[in-house]
Amino acid sequence: MAKHPTSGMDRTFWALADPTRRGVLQRLMDQPGLSVSELAGSFSLKLPGMTKHLDVLSDAGLITRTKAGRTVAVTLSATPMQEAIAWLNRYERFWSVSLDRLTALVNEDGEQ
């Protein structure tokens, strides 16, 4: 049985691990306030499937849902990603060094 993440950053990475959920966030960035039905249609999902994805995103704090009558609108809330970005930035020097080495190697190869 899969364990569900408990810390905020764990929930953020858990939510971002799925390509459909990343697609939902992208869609909400481009078109804030879409309804659950509109989102489901965009991904060829039935409402229960989309609702499960939205529950994960909501649990991570990455979206908010507001109800007006029978329509539920969804908006992006990117604040939880700040902690994840800060964590990733601590490791940036590792891939920056590798990219610098690759650039130097390509430059050396071009000079020969």
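Me: At 32% relative accessibility, what does arginine 65 count as: buried, partly exposed or exposed?
Reply: Bear in mind that we're looking at a predicted model. The buried class stops under 20% and the exposed class starts over 50%. Arginine 65 sits at 32%, so it falls in between and counts as partly exposed.

Me: And which residue forms a salt bridge with arginine 65?
Reply: A search of the whole structure turns up 1 salt bridge. The pair links distant parts of the chain, with arginine 65 in strand 2 and its partner 10 residues apart from it, in helix 4. The closest N and O atoms are 2.8 Å apart, and the partner of arginine 65 is aspartate 55.

Me: What is the relative accessibility of aspartate 55?
Reply: Aspartate 55 belongs to helix 4, residues 47–59. It counts as partly exposed, because its relative accessibility is 38%.

Me: Now for another aspartate. Which helix does aspartate 18 cap?
Reply: Start with where aspartate 18 is: in the loop between helix 1 (8–16) and helix 2. One of its side-chain oxygens lies 2.9 Å from the backbone nitrogen of threonine 20. A polar atom of the aspartate 18 side chain is also 3.1 Å from the backbone nitrogen of arginine 21. The element that aspartate 18 caps, at the N-terminal end, is helix 2.

Me: Aspartate 18 is buried yet has no salt bridge, so how far away is the nearest side chain of opposite charge?
Reply: That nearest side chain belongs to arginine 21.

Me: How far does helix 2 reach from its first C-alpha to its last?
Reply: Helix 2 runs over residues 19–30, which makes 12 residues. Its buried residues are Arg21, Gly23, Val24, Leu25 and Leu28.

Me: Is threonine 12 buried or exposed?
Reply: Threonine 12 lies in helix 1. Leaving aside neighbours within four places in sequence, it's in contact with Ala60, Leu62, Pro80, Met81 and Ala84. Its relative accessibility is 0%, so threonine 12 counts as buried.

Me: What separates the C-alpha atoms of methionine 81 and methionine 9?
Reply: Methionine 81 has its place in helix 5, residues 79–89. Not counting residues up to four places away, it touches Thr12, Leu16, Leu25, Leu62 and Leu76. Methionine 9 is 72 residues away along the chain, but the two C-alpha atoms are separated by 7.9 Å.

Me: Which residue other than glycine has a positive phi, near 50°?
Reply: Most residues other than glycine have a negative phi. The one we want is in the loop between helix 3 (36–42) and helix 4. With phi near 50°, the residue is serine 44.

Me: Last one: what share of the 112 residues of the chain count as buried?
Reply: The chain has 6 helices and 3 strands, in the order α-α-β-α-α-β-β-α-α from the N terminus on. Its accessible surface comes to about 7900 Å², with 56% of that belonging to carbon and sulfur atoms. Of the 112 residues, the share that counts as buried is 21%.

Methods. Residues are numbered from 1 along each chain as its sequence is written. This is a predicted model: local features need pLDDT of at least 70, side-chain atom pairs count only at pLDDT 80 or more; totals for chains, interfaces and linings use all residues. Side-chain values use heavy atoms; hydrogens and water are left out. Helices (H or I, at least four residues) and strands (E, at least two) are DSSP runs, numbered from the N terminus. The expected span of a helix is 1.5 Å times one less than its number of residues. Buried means under 20% relative accessible area, exposed over 50%, partly exposed in between (1.4 Å probe, protein chains only). A polar contact is a pair of N or O atoms within 3.5 Å; within protein, one must be able to donate a hydrogen and the other to accept it, and residues adjacent in sequence count only if both atoms are side-chain atoms. Lys and Arg count as positive and Asp and Glu as negative; His and the chain ends are not counted. A salt bridge is a side-chain nitrogen of Lys or Arg within 4 Å of a carboxyl oxygen of Asp or Glu. Accessible areas come from the Shrake-Rupley method with a 1.4 Å probe; for residues, only the protein chains shown count as cover. Contact means heavy atoms within 4.5 Å.
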